[in-house]
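Student: I would like to go through this model one point at a time. Please show it first.

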Amino acid sequence: ISWTPLLVLGYLFYLLLGAMVFQLLEKQAETHFRDQFQLEKLKFLQNYTCLDRQALEQFVQVLMEAWEKGVNPEGNSTNPSNWDFSNSFFFAGTVVTTIGYGNLSPSTVAGQIFCVFYALFGVPLNLAFLNQLGKALNAHLLTLERWVQKPGRAQVQLAIFLTTGTLLFLVFPPLVFSYVEGWSYGEGFYFTFITLSTIGFGDYVVGTNPNKHYIPVYRSLTAIWIVFGLAWLALVFNVGADLMERYLQLKWHKSDLSLAQGDTTKLEDEPEQPRIHIPS
């Protein structure tokens, strides 16, 4: 596969480009937030002189450990449990889909061991399910192609597929999340794409605000939406990867053909050398 080095170089270049852009956009903001946080701690110590810096740092450590265990420091002990059935169903979905937000994880040894074996069998099961769901979507696309009896019907069916999926999985869900969670539309769209692409940073997670009252099946319905959205976006990514691969192959083969044609032209332009006949 002669175009593989070109793909490797392009992949490494894309990573380097992303690193430079993220550093340019985020490093200064991080420095500002870090300085602001240190300033707030100094103000807190000045207002409460009974505390020293060590006691404040210990309290901050307690808050960090609580957050790592899935306990929101905001609110009080009456906050809804992170491990009721709806939230547990949502967590199980994030495990088998490999999203892994990181805001919640098993804290008991038994839970951690079960999570390992649950993912060991659940991830392949999820891949098989998504593969079958993708085949069903492909069959639906073929049905659309039969319906559209016009020139360029492949472009029409692809446009219908992309438009419908975009509306169902990327455009309308942020409106719901903005209404329920109090996010802006941009934040809702960011959460939607980061979730369906299985990146799952965990900076935005539905159903975690202690000041809001959610319906019991809210996170369960979100988990079902995630599964079908994963299948659609995975199919889109596969189509994009296939088109990119074909484009790179086409470019590479065209360059090979041009080089070959150039060599042929060069050989044709060269004068024919006299042949010497050696009698036997």
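Student: Which residues line the largest cavity?
Tutor: This is a predicted model, in which local features need pLDDT of at least 70, side-chain atom pairs count only at pLDDT 80 or more, and totals for chains, interfaces and linings use all residues. Residues are numbered from 1 along each chain as its sequence is written, and side-chain values use heavy atoms, with hydrogens and water left out. A cavity is a set of points, on a 1 Å grid over the protein atoms alone, where a 1.4 Å probe fits but cannot get out, and lining residues have an atom within 4 Å of a point. The lining consists of Phe90, Gly93, Thr94, Thr97, Ile99, Ala223, Ile226 and Val227.

Student: Which helices each supply at least two residues of that lining?
Tutor: Helices here are DSSP runs of H or I with at least four residues, numbered from the N terminus. The helices asked for are H3, which covers 85-96, and H7 (218-269).

Student: How does the lining divide into nonpolar, polar and charged residues?
Tutor: Ala, Val, Leu, Ile, Met, Phe, Trp, Tyr, Cys and Pro count as nonpolar, Asp, Glu, Lys and Arg as charged, and the others, Gly among them, as polar. On that basis the lining has five nonpolar, three polar and no charged residues.

Student: Is asparagine 103 buried or exposed?
Tutor: Asparagine 103 sits in the loop between H3 and helix H4 (109-147). Buried means under 20% relative accessible area, exposed over 50%, and partly exposed in between, with a 1.4 Å probe and protein chains only. Because its relative accessibility is 17%, asparagine 103 counts as buried.

Student: Which residues is asparagine 103 in contact with, leaving aside neighbours within four places in sequence?
Tutor: Contact means heavy atoms within 4.5 Å. With those neighbours left out, the contacts of asparagine 103 are Trp67, Gly70, Gly202, Val205 and Thr208.

Student: What separates the C-alpha atoms of tryptophan 67 and asparagine 103?
Tutor: Tryptophan 67 belongs to helix H2 (residues 53-68), and counts as partly exposed because its relative accessibility is 44%. Tryptophan 67 and asparagine 103 are 36 residues apart along the chain, and their C-alpha atoms are separated by 7.3 Å.

Student: How far does helix H6 reach from its first C-alpha to its last?
Tutor: H6 (residues 185-196) has twelve residues. The expected span is 1.5 Å times one less than the number of residues. For H6 the expected value is 16 Å, and the helix comes close to it, reaching 16 Å.

How values were computed:
On a 1 Å grid over the protein atoms alone, a cavity is a set of points where a 1.4 Å probe fits but cannot get out, and a pocket is an open set with protein on both sides within 12 Å along at least five of seven lines; lining residues have an atom within 4 Å of a point.
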